[in-house]
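Below is a short briefing on the structure shown next.

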Amino acid sequence: MVEDTRARSFGTVAAEYDRFRPGYPAAALRWALADAGDDAHVVDLGAGTGILTRDLRALGHRVTPVEPDPAMRAQLDGTVPGITALAGSAEAVPLPDAATDAVLVGQAYHWFDRERAHPEIARILRSGGIFAPIWNTRDDSVGWVAALGRIAQMGESISDLTEKVTSFGAAFGPVELGRFTHRTTVTPDEVVGMMRTRSHWLIAAPAQRQRVDAELRELFATHPDLAGRETVELPYQTLVFRAWRR
(Lines give C-alpha, C1' and ligand atoms only; values in the text may rest on other atoms or scores of the structure.)
Protein backbone atom coordinates (compact mmCIF):
# COMPACT_ATOMS: atom_id res chain seq x y z
CA MET A 1 0.00 0.00 0.00
CA VAL A 2 1.15 3.54 -0.74
CA GLU A 3 0.41 4.70 2.82
CA ASP A 4 2.56 1.88 4.25
CA THR A 5 5.41 2.80 1.90
CA ARG A 6 5.18 6.45 2.91
CA ALA A 7 5.14 5.58 6.62
CA ARG A 8 8.26 3.43 6.24
CA SER A 9 10.18 5.97 4.16
CA PHE A 10 11.50 8.19 6.95
CA GLY A 11 14.17 5.81 8.24
CA THR A 12 16.12 6.29 5.01
CA VAL A 13 16.74 9.93 5.96
CA ALA A 14 16.80 9.70 9.77
CA ALA A 15 19.72 12.11 10.26
CA GLU A 16 18.25 14.68 7.89
CA TYR A 17 14.82 14.32 9.51
CA ASP A 18 16.34 15.08 12.89
CA ARG A 19 18.29 18.03 11.54
CA PHE A 20 15.61 19.81 9.54
CA ARG A 21 12.26 19.09 11.22
CA PRO A 22 11.09 21.72 13.74
CA GLY A 23 10.54 21.20 17.44
CA TYR A 24 7.37 22.00 19.36
CA PRO A 25 6.55 25.18 21.30
CA ALA A 26 6.68 24.75 25.06
CA ALA A 27 3.26 26.38 25.46
CA ALA A 28 1.69 23.68 23.29
CA LEU A 29 3.29 20.87 25.30
CA ARG A 30 2.27 22.42 28.62
CA TRP A 31 -1.33 22.67 27.37
CA ALA A 32 -1.21 19.10 26.08
CA LEU A 33 -0.15 17.79 29.47
CA ALA A 34 -2.55 20.01 31.45
CA ASP A 35 -2.81 18.53 34.96
CA ALA A 36 -0.37 15.64 34.39
CA GLY A 37 2.18 17.12 36.83
CA ASP A 38 5.57 18.77 36.53
CA ASP A 39 7.49 15.48 36.31
CA ALA A 40 4.92 13.33 34.53
CA HIS A 41 5.89 10.06 32.90
CA VAL A 42 5.14 10.62 29.21
CA VAL A 43 5.25 8.07 26.40
CA ASP A 44 6.36 9.62 23.11
CA LEU A 45 4.58 7.25 20.73
CA GLY A 46 5.93 7.10 17.19
CA ALA A 47 8.88 9.04 18.56
CA GLY A 48 10.89 9.15 15.34
CA THR A 49 14.31 10.66 15.97
CA GLY A 50 13.36 12.12 19.36
CA ILE A 51 12.44 15.71 18.50
CA LEU A 52 9.39 15.65 20.79
CA THR A 53 11.25 13.56 23.36
CA ARG A 54 13.91 16.26 23.72
CA ASP A 55 11.31 19.01 24.06
CA LEU A 56 9.45 17.06 26.76
CA ARG A 57 12.64 16.37 28.69
CA ALA A 58 13.50 20.07 28.56
CA LEU A 59 10.25 20.69 30.48
CA GLY A 60 11.31 18.24 33.18
CA HIS A 61 9.23 15.20 32.25
CA ARG A 62 10.30 11.55 32.31
CA VAL A 63 9.95 10.29 28.75
CA THR A 64 9.75 6.81 27.26
CA PRO A 65 10.03 6.94 23.45
CA VAL A 66 8.48 4.14 21.41
CA GLU A 67 9.31 3.87 17.69
CA PRO A 68 8.91 1.03 15.14
CA ASP A 69 11.66 2.05 12.69
CA PRO A 70 15.16 0.84 13.71
CA ALA A 71 16.97 3.63 11.83
CA MET A 72 14.88 6.29 13.55
CA ARG A 73 15.47 4.63 16.95
CA ALA A 74 19.21 4.58 16.32
CA GLN A 75 19.17 8.29 15.53
CA LEU A 76 17.18 8.99 18.70
CA ASP A 77 19.50 6.89 20.85
CA GLY A 78 22.49 8.78 19.49
CA THR A 79 21.07 12.26 20.08
CA VAL A 80 19.14 11.97 23.36
CA PRO A 81 21.54 11.18 26.22
CA GLY A 82 20.41 8.62 28.75
CA ILE A 83 17.45 7.31 26.75
CA THR A 84 17.03 4.14 24.72
CA ALA A 85 13.95 4.05 22.52
CA LEU A 86 11.72 0.99 22.78
CA ALA A 87 10.87 -0.98 19.66
CA GLY A 88 7.11 -0.91 19.31
CA SER A 89 4.14 0.64 17.58
CA ALA A 90 0.89 2.35 18.46
CA GLU A 91 -0.86 -0.98 17.96
CA ALA A 92 1.58 -2.90 20.19
CA VAL A 93 3.23 -0.80 22.91
CA PRO A 94 5.83 -2.72 25.00
CA LEU A 95 4.64 -1.34 28.35
CA PRO A 96 2.40 -2.75 31.11
CA ASP A 97 -1.14 -1.64 31.88
CA ALA A 98 -1.58 1.85 33.41
CA ALA A 99 2.15 2.49 33.05
CA THR A 100 2.10 6.16 32.12
CA ASP A 101 0.53 9.53 32.91
CA ALA A 102 0.33 10.70 29.31
CA VAL A 103 0.84 9.57 25.72
CA LEU A 104 1.89 12.22 23.21
CA VAL A 105 2.33 11.74 19.47
CA GLY A 106 4.29 14.18 17.31
CA GLN A 107 3.43 14.17 13.58
CA ALA A 108 2.63 10.43 13.55
CA TYR A 109 -0.98 9.83 14.58
CA HIS A 110 -2.25 9.81 10.99
CA TRP A 111 -0.17 6.67 10.35
CA PHE A 112 -1.86 4.70 13.16
CA ASP A 113 -4.42 1.95 12.70
CA ARG A 114 -6.83 3.78 14.98
CA GLU A 115 -9.19 0.87 15.69
CA ARG A 116 -6.27 -1.05 17.17
CA ALA A 117 -4.24 1.89 18.50
CA HIS A 118 -6.92 3.59 20.63
CA PRO A 119 -7.53 0.58 22.93
CA GLU A 120 -3.77 -0.02 23.21
CA ILE A 121 -3.11 3.60 24.17
CA ALA A 122 -5.94 3.43 26.71
CA ARG A 123 -4.41 0.24 28.15
CA ILE A 124 -1.06 1.84 29.00
CA LEU A 125 -2.60 5.04 30.41
CA ARG A 126 -3.58 5.38 34.06
CA SER A 127 -7.15 6.43 34.80
CA GLY A 128 -7.35 10.14 34.10
CA GLY A 129 -4.25 10.04 31.92
CA ILE A 130 -3.91 12.21 28.84
CA PHE A 131 -3.66 11.31 25.16
CA ALA A 132 -2.58 14.11 22.83
CA PRO A 133 -1.52 13.91 19.18
CA ILE A 134 0.33 17.04 18.03
CA TRP A 135 1.12 18.45 14.61
CA ASN A 136 3.30 21.28 13.45
CA THR A 137 1.44 22.61 10.39
CA ARG A 138 2.66 25.32 8.05
CA ASP A 139 0.76 28.60 8.24
CA ASP A 140 -0.60 28.65 4.70
CA SER A 141 -2.18 32.07 5.23
CA VAL A 142 1.29 33.42 4.35
CA GLY A 143 1.57 33.60 0.56
CA TRP A 144 5.00 32.08 0.03
CA VAL A 145 4.28 29.29 2.54
CA ALA A 146 1.14 28.35 0.60
CA ALA A 147 3.23 28.26 -2.59
CA LEU A 148 5.75 26.03 -0.81
CA GLY A 149 3.02 23.56 0.07
CA ARG A 150 1.63 23.48 -3.46
CA ILE A 151 5.05 22.75 -4.93
CA ALA A 152 5.96 20.00 -2.50
CA GLN A 153 2.46 18.46 -2.14
CA MET A 154 2.96 18.37 1.60
CA GLY A 155 0.17 16.31 3.05
CA GLU A 156 -2.79 17.32 5.18
CA SER A 157 -3.93 20.85 5.87
CA ILE A 158 -5.20 22.30 9.13
CA SER A 159 -8.80 21.83 8.03
CA ASP A 160 -8.10 18.18 7.11
CA LEU A 161 -6.80 17.49 10.61
CA THR A 162 -9.59 19.24 12.49
CA GLU A 163 -12.17 17.32 10.47
CA LYS A 164 -10.52 13.91 10.90
CA VAL A 165 -9.47 14.02 14.56
CA THR A 166 -12.81 14.01 16.37
CA SER A 167 -12.77 11.00 18.74
CA PHE A 168 -10.26 8.63 20.33
CA GLY A 169 -12.81 5.94 21.06
CA ALA A 170 -14.99 4.90 23.98
CA ALA A 171 -12.16 4.84 26.54
CA PHE A 172 -11.58 8.60 26.18
CA GLY A 173 -13.56 11.71 26.90
CA PRO A 174 -14.26 14.48 24.40
CA VAL A 175 -11.38 15.74 22.27
CA GLU A 176 -10.26 19.32 22.92
CA LEU A 177 -8.26 21.37 20.41
CA GLY A 178 -5.48 23.81 21.25
CA ARG A 179 -3.81 26.06 18.67
CA PHE A 180 -0.39 27.65 19.08
CA THR A 181 1.91 29.65 16.81
CA HIS A 182 5.66 29.64 16.43
CA ARG A 183 8.34 30.36 13.86
CA THR A 184 11.68 28.91 12.88
CA THR A 185 14.46 30.84 11.18
CA VAL A 186 15.78 28.86 8.23
CA THR A 187 17.90 29.24 5.12
CA PRO A 188 16.60 28.32 1.66
CA ASP A 189 18.85 25.24 1.71
CA GLU A 190 17.36 24.17 5.03
CA VAL A 191 13.83 24.48 3.63
CA VAL A 192 14.81 22.29 0.68
CA GLY A 193 16.44 19.85 3.10
CA MET A 194 13.26 19.68 5.15
CA MET A 195 11.14 19.08 2.04
CA ARG A 196 13.38 16.13 1.25
CA THR A 197 12.31 14.48 4.52
CA ARG A 198 8.62 14.53 3.54
CA SER A 199 7.07 11.23 2.56
CA HIS A 200 5.72 12.61 -0.72
CA TRP A 201 9.26 13.49 -1.82
CA LEU A 202 10.82 10.30 -0.45
CA ILE A 203 8.62 7.95 -2.47
CA ALA A 204 8.53 10.12 -5.61
CA ALA A 205 10.17 9.15 -8.90
CA PRO A 206 13.53 10.83 -9.66
CA ALA A 207 12.00 13.15 -12.25
CA GLN A 208 9.37 14.34 -9.80
CA ARG A 209 12.01 14.94 -7.12
CA GLN A 210 14.02 17.04 -9.57
CA ARG A 211 10.95 19.06 -10.47
CA VAL A 212 10.13 19.79 -6.83
CA ASP A 213 13.73 20.81 -6.07
CA ALA A 214 13.87 23.11 -9.11
CA GLU A 215 10.55 24.78 -8.30
CA LEU A 216 11.58 25.33 -4.68
CA ARG A 217 14.81 26.99 -5.83
CA GLU A 218 12.84 29.17 -8.23
CA LEU A 219 10.42 30.16 -5.45
CA PHE A 220 13.28 31.36 -3.25
CA ALA A 221 14.95 33.16 -6.12
CA THR A 222 11.88 34.99 -7.44
CA HIS A 223 9.22 35.45 -4.76
CA PRO A 224 9.21 39.08 -3.56
CA ASP A 225 9.18 38.04 0.11
CA LEU A 226 12.14 35.69 -0.37
CA ALA A 227 14.43 36.84 -3.17
CA GLY A 228 17.89 37.85 -1.99
CA ARG A 229 17.35 36.81 1.62
CA GLU A 230 19.83 34.52 3.38
CA THR A 231 17.27 33.45 6.01
CA VAL A 232 13.49 33.57 6.35
CA GLU A 233 11.02 32.96 9.16
CA LEU A 234 8.89 29.89 8.48
CA PRO A 235 5.59 30.26 10.38
CA TYR A 236 3.75 27.32 11.92
CA GLN A 237 0.51 26.61 13.66
CA THR A 238 0.83 23.80 16.17
CA LEU A 239 -2.38 21.83 16.69
CA VAL A 240 -2.86 19.78 19.86
CA PHE A 241 -5.78 17.35 20.20
CA ARG A 242 -6.21 16.39 23.89
CA ALA A 243 -8.47 13.93 25.70
CA TRP A 244 -8.50 12.23 29.08
CA ARG A 245 -8.65 8.48 29.77
CA ARG A 246 -12.03 7.71 31.35
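**Briefing: cavity, cores and salt bridges**

Helix H11 supplies the largest share of the lining of the largest cavity, 4 residues. The model is predicted, and local features are reported only where pLDDT is at least 70. The structure holds 1 cavity of 30 Å³ or more, and 11 salt bridges.

**Cavity**

- The volume of the largest cavity is about 80 Å³.
- Its lining is made up of Ala152, Gln153, Met195, Arg198, His200, Trp201, Ala204, Gln208, Arg209, Arg211 and Val212.
- Two elements give two or more residues to this lining, namely helix H10 (199-202) and helix H11 (206-222).
- By residue class, the lining divides into 5 nonpolar, 3 polar and 3 charged residues.

**Nonpolar cores**

- The largest nonpolar core has 51 residues, of which Leu56, Leu104, Trp144, Leu148 and Leu234 touch the most other members.
- Helix H7 (residues 143-152) gives the most to this core, with 6 residues.
- Another core, of 25 residues, lies apart from the largest one and has Phe131, Phe168, Leu239 and Ala243 among its members.
- Setting aside residues up to four places away in sequence, Trp144 touches Leu219, Phe220, His223, Asp225, Leu226, Val232, Glu233, Leu234 and Pro235.

**His223**

- His223 is found in the loop between H11 and strand S7 (232-244).
- Buried means under 20% relative accessible area, and His223 counts as buried because its relative accessibility is 19%.
- Not counting residues up to four places away in sequence, His223 touches Gly143, Trp144 and Glu218.

**Thr53**

- Thr53 is found in helix H4 (residues 51-58).
- With a relative accessible area of 0%, Thr53 is buried.
- Beyond its neighbours within four places in sequence, Thr53 is in contact with Asp44, Ala47, Val63, Pro65, Leu76, Val80 and Ile83.
- Thr53 and Val192 are 139 residues apart in sequence, and their C-alpha atoms are 25 Å apart in space.

**Salt bridges**

- Glu176 and Arg242 meet through their side chains in a salt bridge, at 2.5 Å from N to O.
- This pair links distant parts of the chain, with Glu176 in strand S6 (residues 176-186) and Arg242 in strand S7, 66 residues apart.
- Glu176 counts as partly exposed because its relative accessibility is 33%, while Arg242 is buried, with a relative accessible area of 9%.
- Salt bridges that share partners join Asp97, Glu120 and Arg123 into one network.
- Asp140 forms a salt bridge with Arg138, and the closest N and O atoms of the two are 3.9 Å apart.
- Asp140 is partly exposed, with a relative accessible area of 36%, whereas Arg138 is buried, with a relative accessible area of 11%.
- The side chains of Arg116 and Asp113 also meet in a salt bridge, with an N to O distance of 3.8 Å.
- At 34% relative accessibility, Asp113 counts as partly exposed.

How values were computed: Residues numbered from 1 in each chain as written. Heavy atoms only, no water. 1 Å grid on protein atoms, 1.4 Å probe; cavity = no way out; pocket = protein on both sides within 12 Å on 5 of 7 lines; lining within 4 Å. Points joined across faces, edges and corners; volume = space filled by probe spheres on them. Nonpolar A, V, L, I, M, F, W, Y, C, P; charged D, E, K, R; others polar. Buried < 20%, exposed > 50% of the residue type's maximum accessible area, 1.4 Å probe, protein only. Contact = heavy atoms within 4.5 Å. Core = buried A, V, L, I, M, F, W, Y, C linked by side-chain atoms within 4.5 Å. Salt bridge = Lys/Arg side-chain N within 4 Å of Asp/Glu carboxyl O.
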